[in-house]
Every structure is written in structure tokens, then in C-alpha cells.
Amino acid sequence: MPRFVQMVKAVDGTGVPQLLARLFVGGMFAYLAYNKIVDPFEFLKLTREYQIFPEHPPQFLNIIAAVVPWLEILTATALILGVFMRGAAAMIFGMLMFFAPVLLIRAWSIYTDPAAGITSFCDVRFDCGCGTGEVYICSKMLENTAMQLAVLIPLFTRSRLLCLSQLFSKRRPQPAPAPAQA
Amino acid sequence: MNWLKTTCIETAILLAAGVALGFGMNAIRGRDSIDLNRDYKPEIRITHTTTTQSTANGEAISAANPAEPNEPTEAGVAEDEPRFQSVDLEQVKEIWEDPKFGYGVYVFVDARADGPYESGHIPGAVQCDFYRIQEDIDLVVSKTAGAEKVVVYCQGGDCEDSLLTCGELINVGVPWENIYLFKAGWDAWEDSELPVETGEEE
């Protein structure tokens, strides 16, 4: 086995990388979701601005605005606690994969709008509805990429360090055999 | 294979639980509940009859052509935005300083959400958040009944909440000719260092 792979396995075996990744991504996601939950109507308005979802029937956008933040906070909590860790990581990865092109398209439409008068793509600043108010597109994309990469660790790791699911695991450590009677 | 199966099952469980949680929490949030069946960006239909309006000192207020709502402009392009009479900061200030405002003949309607309203609004303005209108509308109807001028504002800039609220006021029977849109909104009022009232509605 190549030495690099052995080293990665050894580091992964400590459980520290997955723990840090869970705290970072889960914490970020929970924070962003909380900000959306605080004002659901603001999130609804910002979702509408993307113009990627049909406005009619109105139930479609309303359900997205009502459900997505709670879905995010549940997933983030599951990731932090280490319950359904892989599922939570997969879902967050999927959501980030969906948000990335959506953000880029919106930023591009602002950039190409002559009225905006923006000369550099990285100068595009708008409220993406992500829960942090107005952001610069380049820093937002960097943040998303960092989260996408980090969430791959809990998705693929074998470690279950400080995972709540371990408490309910069927594979409990076997008690040591009793010493033979003399 | 086992990894994929576990991941898919866990994802499905979380998805189902998240959706259920979302619907459940939305149902019990009271003022912050999204009415799933409501159109939050309705088409505003305005019907009106007069154009001539003036401020307290007789100054003309800009009024759109009231003949037909959303009719094509001279260039032949239909306007996206329904046209309400608009007032600027100076005119708003005159209306606010007019004694008729104190008697309830002129009314200010703040179309922003609770947080911004409570942190500062035009003194005497009644809150009517379009998105939470079921909670506010009774008070607004009682205040605007018989009012000669109803000035509606939101944050200013690109905010559309005042426009949507104007549409809702028409739906509850406030005549178009009594409604004035203060587009520059709260930002302009605050920047002018005019008096500010904070806290919840009394």
C-alpha cells in the first residue's frame, strides 16, 4: 500500500479530521439555517429573486421557504451529533452542489447587467439568501468550496469518534473472557 | 455497496424527517408562519378615478395616469409596476407636520417587518407588514377608514413591500386616490434626521 494512503488512513483513524469537519460544516450550516428561520419571509423573497423556481403555483416557492431551512438545521444537527452522519454529509454535499451553480448564475446576471456598473466579477455583491446578508460572490464560492471539501471527510471516513450513533451501535465491545477456574 | 446503501437510507430518513419538521414548525409559528396557499406576489389590480391631489400647502403630488392600470406606456411597452401616486420626502414631511395627521385624517403605514419597525419608524405610523397582513389588517382598516391620505412606505431602494401593501389596501377598500407611495421610504426619512419612534405599536 502506498505510504501516502497509509498516512491518510492513520490520520483518519484518529477521528480528529472527521470531528473537525463535522463541527465546521455542521456549525456553519446550522448558523446559516438559523438566520433563514428567524425571518422566513425574507428567505422567501430572496428565493424568488433567483427566478429559477416557478412563481406559479405559489405553493411551490412557499413550501421551499417553509421547509428548506428546517431541513438544513436538522441535517446540520445530525452531522454535528454524529447521527446518520453519512446521510447528513451526503445531503449537505448535495445541497452545496445545487447552490453553487445557482449562485454563479445569479452573480453572472448581476455582473452582466449594465445598470450595475460592475467591472470585476469578484466585485459582485448581493444577498444570496444564504443567511449572512450581502456577500461578495468570490468569497461565498470559496466558503462553499471549503464546506464541500470538508463534508467529504465525514462522508467517507470509517471513524466514529464522538458520534452519538456509537452509543446505539449494536457492535459494542465484547467483555473480556472470565479467567478459567483453577 | 454497503456504504452506498447506508448513505441512501440515512439520507432518505433525514429528508423525510426534515420535510416533516419544516411543515410542522411552519404550522405552529403563528405570525411567522408562511401561508402555503397564499400568493405572496400577487398581481396588483388598481382602479381609480381622479388624478388631482395636493399636499397640505397645495403643492401638486405626482400622480400616474389613472386611466387604466398597467396599460402600455407611450413606447408601447407594458409597465411591470402598478402605478400609485408617489410622494417625496418633502411632501411626506409636510403631510406628517400637518395637524390632520394628528387627527387621523392622514395616516402613515409602515410596510416593514417587526424587527425594522420596532427599531425605528415614522412617529405615529401604523405597521402593516404585507407578509404578515392577517395580523395587522384589522387595525389598518380601522385607521384608514375615512382617512384622506394614506402614505405607505417600506425600507426604500428596491423594496417592494410598500407596493404590495398598497395593493392589499385597495383590496380592503381603501380608495386608490387616497393612497400615496413613499418610495424613498425609511432610509430617506432616517437620513434626514427627522423624528423617529421606536418599539412596538401602541
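## An aromatic cluster and a buried helix

Ring pairs join Phe41(A), Tyr40(B), Phe130(B) and Tyr131(B) into a cluster. The structure is a predicted model, and a search of the whole of it finds 15 aromatic pairs over all chains. One of these pairs is formed by Tyr40(B) and Tyr131(B), which are stacked, with 5.5 Å from centre to centre and 15° between the planes. Because Tyr40(B) lies in the loop between α1 (2-28) and β1 (85-86) of chain B, while Tyr131(B) lies in the loop between β3 (126-127) and α5 (133-144) of chain B, the pair ties together parts that are 91 residues apart in sequence.

### Helix α6 of chain B

Helix α6 of chain B spans residues 161-171, and because ten of its eleven residues are buried, this helix is largely enclosed by the rest of the structure. The buried residues include Asp161(B) and Glu168(B), along with Leu163(B), Leu164(B), Leu169(B) and Ile170(B), and also Cys166(B). Which elements do the buried residues of α6(B) pack against? In chain B they pack against β2 (106-110), α5, β4 (149-153) and β5 (179-182), and in chain A against α3 (40-49). After α6(B) comes Gly173(B), which has a positive phi, near 105°.

### Chain A as a whole

Chain A contains six helices and two strands, and from the N terminus on these elements follow the order α-α-α-α-α-β-β-α. For 182 residues, a compact globule would have a radius of gyration near 16 Å, whereas chain A has 21 Å. Some overall values for this chain are set out below.

| Property of chain A | Value |
|---|---|
| Box filled by the C-alpha atoms, along the principal axes | roughly 90 × 40 × 20 Å |
| Buried residues | 42% of the 182 residues |
| Accessible surface | about 10200 Å² |
| Part of that surface belonging to carbon and sulfur atoms | 68% |
| Distance between the mean positions of the 15 positive and 11 negative charges | 21 Å |

Among the contacts in chain A with a separation of 6 or more, 65% are accounted for by residues 24 or more positions apart.

Terms used
Residues numbered from 1 in each chain as written. Chains lettered and ligands numbered in written order. Predicted model: local features only at pLDDT ≥ 70, side-chain atom pairs only at ≥ 80, totals over all residues. Heavy atoms only, no water. Helix = DSSP H or I, 4+ residues; strand = E, 2+ residues; numbered from the N terminus. Rg over C-alpha atoms; globule rule 2.2 N^0.38 Å. Buried < 20%, exposed > 50% of the residue type's maximum accessible area, 1.4 Å probe, protein only. Contact = heavy atoms within 4.5 Å. Areas by Shrake-Rupley, 256 points an atom, 1.4 Å probe, with all protein chains shown as cover. Lys, Arg positive; Asp, Glu negative; His and termini not counted. Charge placed at Lys NZ, Arg CZ, Asp CG, Glu CD. Phe/Tyr/Trp six-rings, centres within 6.5 Å; stacked < 30°, edge-to-face > 60°.
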